[in-house]
Amino acid sequence: MIDEKKIEEAVRLFLEGIGENPEREGLKETPGRISAMCHELFEGIRQDASEHLSKTFTAENNEMVLEKDITFYSVCEHHFLPFYGKVHIAYVPDGKVVGLSKLARTVEVYARRAQLQEQMTAQIAEDIMKNLMPKGVMVYTEAEHMCMTMRGIKKPGSRTVSFVAKGAFETDRELRDSFFQLIRD
């Protein structure tokens, strides 16, 4: 549960800490705005991806299913700055599939928390394996991190890639190569 009063007080203290006047016209309502924003940006903390992945359909298809270019926005847990990009998810069904929107919803559950890209990629893959029990899953995430572009090293446009391969994607090089080819197309 988000504690709006604590967030608002923390924002007021932060504004004072950087030398601002929290009572200034342009900042007076900022603590409330940030509190409201936190409901949206961190709603994944209160969600369970299994909820989205539990509704499956019987399928005879045992070929790769790929959902690519799932846009996400998250917040780096180290600097509390945004990182954003695309996630590509593939899995090889073993008798059941999930609605495609459920893969995007799973991404949102993990993106909407203070997060590390590498951790988010692994969490998505693990939940798909646990809930769908496919022959294999591959999750590939590519993102730009504001902690590298607007502060620190200041390298705009640099992208970080992380991926996790499980099951058949770990052992079948041809399957993994097909995945990489499909996400490049």
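This note comments on one helix and one annotated site.

1. The model is predicted: local features need pLDDT of at least 70, side-chain atom pairs count only at pLDDT 80 or more, and totals for chains, interfaces and linings use all residues. Residues are numbered from 1 along each chain as its sequence is written, and side-chain values use heavy atoms, with hydrogens and water left out.

2. UniProt, in an unreviewed entry, places the feature "binding site" at Cys76, His79 and Cys147. These residues span 72 residues in sequence, yet no two of their C-alpha atoms are more than 7.9 Å apart, so they gather at one spot. Such annotations may be inferred rather than shown by experiment.

3. Cysteine 76 is placed in strand S2; strands (E, at least two residues) and helices (H or I, at least four) are DSSP runs, numbered from the N terminus. Cysteine 76 has a relative accessible area of 7% and is therefore buried, where buried means under 20% (1.4 Å probe, protein chains only). Leaving aside neighbours within four places in sequence, cysteine 76 is in contact with Leu81, Phe83, Gln115 and Cys147; contact means heavy atoms within 4.5 Å.

4. Cysteine 147 belongs to helix H6 (residues 146–149). At a relative accessible area of 12%, cysteine 147 is buried. Its contacts, with neighbours within four places in sequence left aside, include Cys76 and His79.

5. Helix H4 (residues 100–111) reaches 17 Å from its first C-alpha to its last, close to the 16 Å expected; the expected span is 1.5 Å times one less than the number of residues. Among the buried residues of H4 are Leu103, Val107 and Tyr110. The cover of the buried residues of H4 includes strand S2 (65–76) and helix H5 (117–132).

Note on methods
Buried < 20%, exposed > 50% of the residue type's maximum accessible area, 1.4 Å probe, protein only.
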